[in-house]
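Hi everyone, thanks for coming. I'd like to walk you through one structure today, so let me put it up on the screen.

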Amino acid sequence: MVKIAQISCGTEYSGIQKEIEKAAATFGAEIVIPEADLDYIDEAYHKFGFNVASSSIRLMIARAMSIVEGKADADAVFIGTCFRCAEGALVRNEVRRFIQQNTNLPVVTYSFTERTKADELFIRMEALSTIVDRKSLLAREKQEGLTIGIDSGSTTTKVVLMENNRIIGTGWLPTTDVIKSAEDGLKSAFEGTGYKLDDIDGMGVTGYGRLTIGKHYNADLIQEELSVNSKGAVYLADRQKGEATVLDIGGMDNKVITVNDGIPDNFTMGGICAGASGRFLEITARRLGVDISELGGLALKGNYKNALLNSYCIVFGIQDLVTSLAAGGTKEDVASAACYSVAEQVYEQQLQEIDVREPIIQVGGTSLIEGLVEAVSSILGGIEVIVPDNSQHIGAVGGALLVSGLGKK
Amino acid sequence: MKIAIFPPNSLILADLIERKGHEALALQKEIRKKVIDPEIDSPPFNITEEEPIKGLKYAAIEVPSGVRGRMAIFGPLIDEADAAIIMEEAPYGFGCVGCARTNELSMYYLRKKKIPILELQYPTSREEAIEMVNTINTFLDGLEEKNG
């Protein structure tokens, strides 16, 4: 059984300890609390060197130290502190770095509220236990043989066919019926390659529909999107070592994953309103009478400061857009303002919840909108943003890459 | 009299208070009530998401859940208190609630109540410890007299 060491403060007082344990148990893991006696807390806390006022946070530090010093036995680490606690957030990130720099254990972090339920933690616990179980698989940096990856997302289904570290076929279409969309995606990926499904050495599936598709095709690897997307992103961006942040501004929701050596350690997902998503850019393009693929280039020519577009709501956002155009704003300025508005909202709603690490690897369909990529970089103070080739296919690429580690059929 | 103590789970402070015939408003008693309740099963303290919501009486929604969860248990003890003994700079072995923000808020609420309060610094020598016990006893005796 995978042992997940819990390093946290306040979980029992937030009434969520049971939820954490339930989430771990769902993926065949158990939560263990590293031991630390009073003398050791002082010793560890002084050694660590972070002067904190809360004794529970000192205990957190001591628990982390006991893992690093080998006094506690664990296969993975879950670090949690209360949402909105500044002291907790500071220590959470430092303890995370400390464990990552001094051990090979996978770590995930979370800032919780009293509303935290087991299912919100599922993807983290699943990622931890699969990282432990499939450590050698996740260490894979090259794709070998002929493999296929399917990412069955909530909005689109992506399929990628890879042969000897090269993408030879892709499919990208809206998800309607989960299996039908995958079938069509496969058809498109195989087209012109001369290969068919029977020829492949392995199939890796991820995304919301992974279990249904995995069962239907008897896939060799069915894995949550957190570790698969991270792997796909760092592979495509050629950043397999070191730290990075994977940003996916989706059609309906946004995902931010922080990674260390290609292994995810935190993520946040959400979006209060469609005004902070790709959907808003789609509607903007339609209103400007251009194709979505042209919007990014248009935005680069404009100046967002000349058009006011900063609504949290897609309806009011469109009203702003119409007003700006009516007031004589150019298409370029409006396109630029729309990109800036989405980036600003993603920053305000999500990026502030996570310790953003350079470089940002921007992925997903919206990463092809250059104006949005530039807006993200500018809002984050000119941070390096990488958009790798095939950035819209990271999940499927991750699936094809990882499954090749299981060998030929 | 009902006397709140800080740290709220200090066995030494609770013992000194009970020796003088007062009631110490100790955290352990509240936790015990929750732990022996057969209805809820949320180990280790049987605190559920309801507590951070009850804690809204003492701290607003933007305050971390762990602070509100702690205040849901310690806050009612502050409400009940007729007097209080606050020990600052105590090591966690003496008793603690784990969270510095909860400590600050709890001590503020006790001070705001305008009840008799004895504020002490944790003793660092044998002499200071003896002096501390005498000070506490004098404070507790004084309360008795005031009480009539």
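How many helices and strands are there in chain A? Chain A has 15 helices and 14 strands. Before we go further, please keep in mind that this is a predicted model. The predictor gives the complex an ipTM of 0.90 and a pTM of 0.83. For chain B, the average pLDDT is 92, and 97% of the residues score at least 70.

Let's look at the overall form of chain A. With 409 residues, a compact globule would have a radius of gyration near 22 Å, and chain A has 22 Å, which agrees. Along the principal axes, the C-alpha atoms of chain A fill a box of roughly 70 × 55 × 30 Å. As for burial, 55% of the 409 residues of chain A count as buried. And if you take the contacts in chain A between residues at least 6 apart in sequence, 72% of them join residues at least 24 apart.

Now, the domains. The domain assignment of chain A gives domain 1 as 2–133, domain 2 as 146–225 + 394–406, and domain 3 as 239–387.

How far apart do the C-alpha centres of domain 1 and domain 3 of chain A lie? They lie 32 Å apart. The two domains do touch: 10 residues of domain 1 of chain A are in contact with 7 residues of domain 3 of chain A. On the domain 1 side, the elements that give two or more residues are helix 4 (86–102), strand 4 (107–112) and helix 5 (118–133) of chain A. Strand 4 of chain A provides the largest share of that side, with 4 residues. By class, the side of domain 1 that touches domain 3 has 5 nonpolar, 4 polar and 1 charged residues.

Notes. Residues are numbered from 1 along each chain as its sequence is written. Chains are lettered from A and ligands numbered from 1 in the order in which they are written. This is a predicted model: local features need pLDDT of at least 70, side-chain atom pairs count only at pLDDT 80 or more; totals for chains, interfaces and linings use all residues. The radius of gyration is taken over C-alpha atoms; the globule rule is 2.2 Å times the number of residues to the power 0.38. A residue is buried if 20 or more other C-beta atoms lie within 10 Å of its own, exposed if 12 or fewer, and partly exposed in between; C-beta atoms are placed from the backbone. Domain bounds come from an automatic or database domain assignment. Ala, Val, Leu, Ile, Met, Phe, Trp, Tyr, Cys and Pro count as nonpolar, Asp, Glu, Lys and Arg as charged, and the others, Gly among them, as polar. pLDDT is the predictor's confidence in each residue, from 0 to 100.
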